[in-house]
Amino acid sequence: MNDAAIYFGNVMHCRLLPFRHRFVYRVFSVFLDIDQIDEVAGKCRLFSHNRFNLFSVMDADHGAADGTRLRPWVDAQLQIAGISQPPEHRVFMLCFPRLFGYVFNPLTVFFCFNAREELFALIYEVRNTFGGKHAYTVNIDAGPTTSAATATDQSASLFTHKLQKKIHVSPFIGMDMVYRFRLRVPGEKLSVMIRENAPEGELLIAVLTGTQRQFTDSTLIKAFFLYPLMSLKIIAAIHFEALRLWRKGAKPVPRPSSSTG
């Protein structure tokens with residue numbers, strides 16, 4: 001199992017219906033054992049856990065969103081989903097870090113590994129710009145795409161599953177949708193793909209890719225200059241692309257009056 005890492009890469013969205021609309025933005029992500037974030041922060045001057053720095057990760061940005069530790073929330077999600085928790089399991093979080101104290105994470109992924117370093121569960125934490133969030137928990141069953149996965153080759157193994165949409169995200173996409181996830185355990189490369197299907201066909205493809213870098217101050221300095229003001233660009237890009245979609249003729253969909261957005 002690899003330890004903490006930073007991934008330099010891109011996020012791509014391609015809308016297919018009722019017209020094509022595609023964009024690509026450069027981003028970087030952090031991959032951290034949620035029980036060892038303090039240890040990682042202790043080795044870096046530019047990165048902190050639960051306090052301000054050039055880069056930081058705050059527990060309040062994830063999970064229960066109240067500043068409490070992430071592990072109890074993850075374990076609770078697994079229990080709610082009926083997933084047995086093996087002893088000594090590790091949980092890694094893939095997310096965007098705060099930059100100058102600000103971040104917006106449309107998607108955070110929690111990778112849950114057993115003592116043999118095999119993936120046994122995933123939690124997708126989805127947020128929208130209306131303040132809503134929802135956690136999708138997936139049990140990784142042995143099957144055609146996962147049965148050959150071992151501690152040494154899981155980053156080469158493909159995990160696929162589908163989930164019914166539960167949270168309103170785009171103002172131009174309704175709720176009668178199915179997500180089809182396709183991803184690998186982050187290794188030298190990062191690859192997460194989400195295909196959103198409507199009753200009339202495939203509507204949207206979103207892909208997050210990246211190349212692994214060591215989690216060091218020198219890598220963080222490179223990230224700062226290669227991806228300046230990334231956190232602000234993410235939220236600005238969401239609204240900018242929404243404006244472009246509206247100008248192309250996309251019709252707003254009423255937002256559900258639910259607690260998740």
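Tutor: A term to begin with: helices (H or I, at least four residues) and strands (E, at least two) are DSSP runs, numbered from the N terminus. The model is predicted, so local features need pLDDT of at least 70 and side-chain atom pairs count only at pLDDT 80 or more, while totals for chains, interfaces and linings use all residues. Residues are numbered from 1 along each chain as its sequence is written, and side-chain values use heavy atoms, with hydrogens and water left out.

Student: Okay. Where is His161?
Tutor: His161 sits in strand S10, residues 159-164.

Student: Is His161 buried or exposed?
Tutor: Buried means under 20% relative accessible area, exposed over 50%, and partly exposed in between (1.4 Å probe, protein chains only). His161 counts as buried because its relative accessibility is 15%.

Student: What does the side chain of His161 make a polar contact with?
Tutor: The side chain of Tyr124, at 2.7 Å. A polar contact is a pair of N or O atoms within 3.5 Å; within protein, one must be able to donate a hydrogen and the other to accept it, and residues adjacent in sequence count only if both atoms are side-chain atoms.

Student: And which residues is His161 in contact with, leaving aside neighbours within four places in sequence?
Tutor: Contact means heavy atoms within 4.5 Å. The list for His161 is Leu122, Tyr124, Val138, Ile140, Tyr179, Arg180, Phe181 and Leu183.

Student: Which strand do the six bridges join S10 to?
Tutor: Strand S11, residues 178-183, and the two run antiparallel. Thr160 stands opposite Arg182 in S11. Two strands pair if DSSP finds at least two bridges between them.

Student: Zoom out. What order do the strands of the open sheet have?
Tutor: There are 10 strands, in the order S9-S8-S7-S5-S2-S1-S13-S12-S11-S10, with antiparallel pairing. The edge strands are S9 and S10, each pairing on one side only. From one strand to the next, the twist averages 20 degrees. Axes are lines fitted to C-alpha atoms, for helices over the stretch in contact, and angles run from 0 to 180 degrees between N-to-C directions.

Student: Which strands does helix H3 lie across?
Tutor: H3 (residues 217-226) lies across S1 (5-15), S2 (21-33) and S13 (201-214), at about 30 degrees to S1. Helix H4 (residues 230-248) lies across S1 and S2, at about 155 degrees to S2.

Student: What about H2? Which of its residues are buried?
Tutor: H2 spans residues 70-80, and its buried residues are Leu70, Arg71, Trp73, Val74, Asp75, Gln77 and Leu78. In an α-helix there are 3.6 residues a turn, so residues three or four places apart point the same way.

Student: What covers the buried residues of H2?
Tutor: The cover includes strands S5 (90-95), S7 (107-113), S8 (119-127) and S9 (133-139). After H2 comes Gly82, with a positive phi near 75 degrees.

Student: Where does Ala135 lie?
Tutor: In strand S9. Ala135 counts as partly exposed because its relative accessibility is 21%. Not counting residues up to four places away in sequence, Ala135 touches Trp73, Gln77, Ile123, Tyr124 and Glu125.

Student: Last topic, aromatics. How many aromatic pairs are there?
Tutor: Rings of Phe, Tyr and Trp (its six-membered ring) pair if their centres lie within 6.5 Å; planes under 30 degrees apart count as stacked, over 60 as edge-to-face and the rest as tilted. By this rule the count is 16 aromatic pairs. The rings of Phe31 and Phe111 have centres 5.7 Å apart and planes at 80 degrees, so that pair is edge-to-face. The pair links distant parts of the chain, with Phe31 in S2 and Phe111 in S7, 80 residues apart. Both Phe31 and Phe111 are buried.

Student: Which residues form one aromatic cluster?
Tutor: Tyr7, Phe31, Phe92, Phe111 and Phe113.
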